[in-house]
Amino acid sequence: MIKNKVLSVLGTAALLMSMTNAFAQDKPAELKVGISTYLSGSASVFGIPAKEAADMIIENINSSGGIDGVKIVPTYIDEGGGSEKLLSEYRRLAEGGTRVMLSAISSGHCNIVAPVAEDLKVLNILWDCGTEKVLEEREYKYVVRTQANATSEMVAAVLYLLQQKPDFKTIAVINQDYAWGRDSRDIFLNTLKRFKPDVKVVAEMFPKFGAPDFSTEISRLSALKPDVILSTSWGGDLDNFVRQASQRNLFNNSTFILPLAESSLERLGASLPEGVMIGARGDHYFLHPETKDDEAHAAFVDKFRKKTGSYPIYSVYHMVQALQGLKAGYEKAIENNSGAWPSPEQVAEAMHDISFKGFGRELTINRADGQAYEAQLFGTTKKVDEYPFMILDDMIIYPGEPLTAPVGVKTQAWLKTLDDSILVGDEYKTYSHE
């Protein structure tokens, strides 16, 4: 009887140990991380700075001992080669032992890689793409996002527009013709109509992604003279549109709101006039009114500028957040695992309940869908003597959680439930440039 009990206890212990070993991993010599970003094409003006930031942050993490003594070793994938090449490189890295990916910039690419990551059991951090649909339309175990999605970004854009210019009557849209351009258009207009149902949409135009010439669209906008022009385009496409619109004096006829144009301020220089409403896809700004004097942030801005010749833009800040989120996820998983090196599955689970910080306000992921809450910064362009490009004035930072659809509720259904109370709030403090 005693012998049987002993055997039973030993058997149970062996079973528990085998279950633990199934998840526990030997600490690797290095942590291989695949990172996709645009290294070629018009979007490289956005993707290359993000790579520079990744190199800087990874160097900082590694020089401080890595993650529990393990150094991060990145491999970069160029999203400029298209979706087929991205998937081929993604699979090649995964099959070669890379179990952590930061992918992607493009919303279309995020929709492609997320299910592949799940099938391959690879931890995938959606580090920059904006499409809300990727985490709304399927449940993922291995996929999380360390920044906001289009819902938060577009709802904040509407709030800022209504607060700064409440009396407009007509609006036109010019967006890139792919997932992000159309999804962000839908969220923005449906939010706007919820609070301003009489507004008239006089044009919706979707030039091809990467289009170099916008003369046809600009001619049409010049003839229509809408009160407001919205463009959620980004990167080289947005830069080309703004330069051509400026040459044709389009800014004289309409108020522009450009929710992604923080990344273009320095590149556009004098081509961008005063009075344009600008978003930062989060609270990302090298002159962030709450963190610009923070020692770590100021040091990062200085080092980044010395390395690249430019100030950091929101793709840079998104990359910082993704790596800090990854580090926080590993540290929590190691703690949960009694100090043992965790599996990608354990890290993915830990990353569904973490708080972390880049160089703005703290971010939190505490949702079953792995979506982070991220604050949103908007401002209006102003010329000052200190910089040869426009800075942001009259800035408002909107907290992320009230702007994000709850888990299990699709964005378009949630937008119909928005209450007028979201239009005002004690937290909507206006910051002036100092």
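At what angle do helix α11 and helix α12 pack, and how far apart are their axes? In this predicted model, helix α11 (residues 295-308) and helix α12 (residues 314-336) pack at an angle of about 125°, and their axes are 13 Å apart. The two helices are therefore oblique to each other, since angles over 145 degrees would count as roughly antiparallel and those from 65 to 115 as roughly perpendicular. The crossing of α11 past α12 is right-handed. On the α11 side, the contact is made by His 297, Phe 300, Val 301 and Phe 304, and on the α12 side by Val 316, Tyr 317 and Val 320. Sorted by class, the residues of this contact are six nonpolar, one polar and no charged.

Helix α12 also packs with helix α2 (residues 44-63). Here the angle is about 35° and the axes are 8 Å apart. This crossing, too, is right-handed. From α2 the contact takes in Phe 46, Pro 49, Ala 50, Ala 53, Ala 54, Ile 57, Ile 58 and Ile 61. From α12 it takes in Tyr 314, Ser 315, Val 316, Met 319, Val 320, Leu 323, Gln 324 and Lys 327. The contact of α2 with α12 has 13 nonpolar, two polar and one charged residues.

| Helix pair | Angle | Axes apart |
|---|---|---|
| α11 and α12 | about 125° | 13 Å |
| α2 and α12 | about 35° | 8 Å |

Turning to the strands, eight of them form an open sheet in the order β7-β6-β8-β9-β10-β13-β14-β15, with mixed pairing. The edges of the sheet are β7 (200-205) and β15 (430-431); each has a single partner strand, so one side of each is left without a neighbour in the sheet. Within the sheet, strand β10 (residues 277-279) and strand β13 (residues 376-382) run antiparallel and are joined by three bridges. Met 277 stands opposite Thr 380 in β13.

Helix α8 (residues 215-224) lies across β6 (170-174), β7 and β8 (228-230), and runs at about 170° to β7.

Another strand pairing involves β1 and β2. Strand β1 (residues 30-37) and strand β2 (residues 71-78) run parallel, joined by eight bridges. Thr 37 stands opposite Asp 78 in β2. Is strand β1 largely enclosed or left open, and how many of its residues are buried? Six of the eight residues of β1 are buried, so the strand is largely enclosed by the rest of the structure.

Note on methods: Residues numbered from 1 in each chain as written. Predicted model: local features only at pLDDT ≥ 70, side-chain atom pairs only at ≥ 80, totals over all residues. Heavy atoms only, no water. Pairing = 2+ DSSP bridges. Helix = DSSP H or I, 4+ residues; strand = E, 2+ residues; numbered from the N terminus. Contact = heavy atoms within 4.5 Å. Axes fitted to C-alpha atoms, helices over the stretch in contact; angles between N-to-C directions. Parallel < 35°, antiparallel > 145°, perpendicular 65-115°, else oblique. Left-handed = near helix turned anticlockwise from the far one by under 90°. Nonpolar A, V, L, I, M, F, W, Y, C, P; charged D, E, K, R; others polar. Buried < 20%, exposed > 50% of the residue type's maximum accessible area, 1.4 Å probe, protein only.
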